[in-house]
Amino acid sequence: MRKGNIFLVLSIVSSAMMVALAFFQWDLVHILTPFLMPFLWLAVAGIFLVTAIFSIIALFKKQGWKPVLIQAMTVIFIIFFPINKVVLNLDFEKHRKERDAVVKKVMEGTLTSNVSYNDSVIHLPEEYGALSKGGGDIVIDKRNDEMLILFFTFRGLLDSFSGFVYSSSGEKPRSGDFGGDFIEIEPLAEHWYFVRSG
């Protein structure tokens, strides 16, 4: 295999790895934990960077321009395409009926706190466990007559988390709810919001 072809294959493989990691990072962080995920990013980005360097060298040696083009397009795609937003919207729509069913059970009182360490946490039954990342727990926050229900999309460290929030009144969540300091609150549908606390 010619060197140009090797760099072309490497650029395709490393680009595919970067895009796949960007799309599946929320599922992978659930498996690997927030402690190990940065190491996976470093490994994949390292392979991509080394391949890019060799592809640029090959370009100057006139061994082909396609590897550089593929990697440049990958960088542009990752920077400008709203991958996180698309992935989160797909997750929200895919599991909306199941989350609505859980909300109904909580509102009716048939699903209540079932953990000893916190009376605002509900560990979901097995059939609903995948609806909230980081262990299958949801968190209830009550204020006056309003109830907020948080389904985690990322359950980080301390007050760093993100998730889908159901608001019984329809009012948007605010900083302080669930003990979080929200840096993003985005409406998704009637009564539903995406929040990110950092």
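Residues are numbered from 1 along each chain as its sequence is written, and side-chain values use heavy atoms, with hydrogens and water left out. In this predicted model, local features need pLDDT of at least 70 and side-chain atom pairs count only at pLDDT 80 or more, while totals for chains, interfaces and linings use all residues.

Helices (H or I, at least four residues) and strands (E, at least two) are DSSP runs, numbered from the N terminus. Helix H3 comprises 12 residues, and 16 Å separates its first C-alpha from its last, close to the 16 Å expected at 1.5 Å a residue; the expected span is 1.5 Å times one less than the number of residues. Ile83, Val87, Leu88, Asp91 and Phe92 of H3 are buried, where buried means under 20% relative accessible area, exposed over 50% and partly exposed in between (1.4 Å probe, protein chains only). Viewed down the axis of H3, these buried residues fall within an arc of 160° and so line one face of the helix; the arc is that of the directions from the helix axis to the C-beta atoms. Leu90 and Glu93, on the other side of H3, are exposed.

The 13 residues of H4 should span 18 Å at 1.5 Å a residue, which agrees with the 18 Å between its end C-alpha atoms. Buried in H4 are Arg99, Val102, Val103 and Val106. These residues cover an arc of only 100° around the axis, which puts them on the same side of H4. Lys97, Lys104 and Glu108 are exposed on the other side of H4. The elements against which the buried residues of H4 pack include H3, strand S1 (121–123) and strand S2 (137–143).

The axes of H3 (residues 83–94) and H4 (residues 96–108) come within 5 Å and cross at roughly 60°. Axes are lines fitted to C-alpha atoms, for helices over the stretch in contact, with angles running from 0 to 180 degrees between N-to-C directions. The two helices are therefore oblique to each other; angles under 35 degrees count as roughly parallel, over 145 as roughly antiparallel, 65 to 115 as roughly perpendicular and the rest as oblique. In H3, Asp91, Phe92, Glu93 and Lys94 meet Arg96, Glu98 and Arg99 of H4, contact meaning heavy atoms within 4.5 Å.

Pro125 lies in the loop between S1 and S2 and is partly exposed, with a relative accessible area of 27%.
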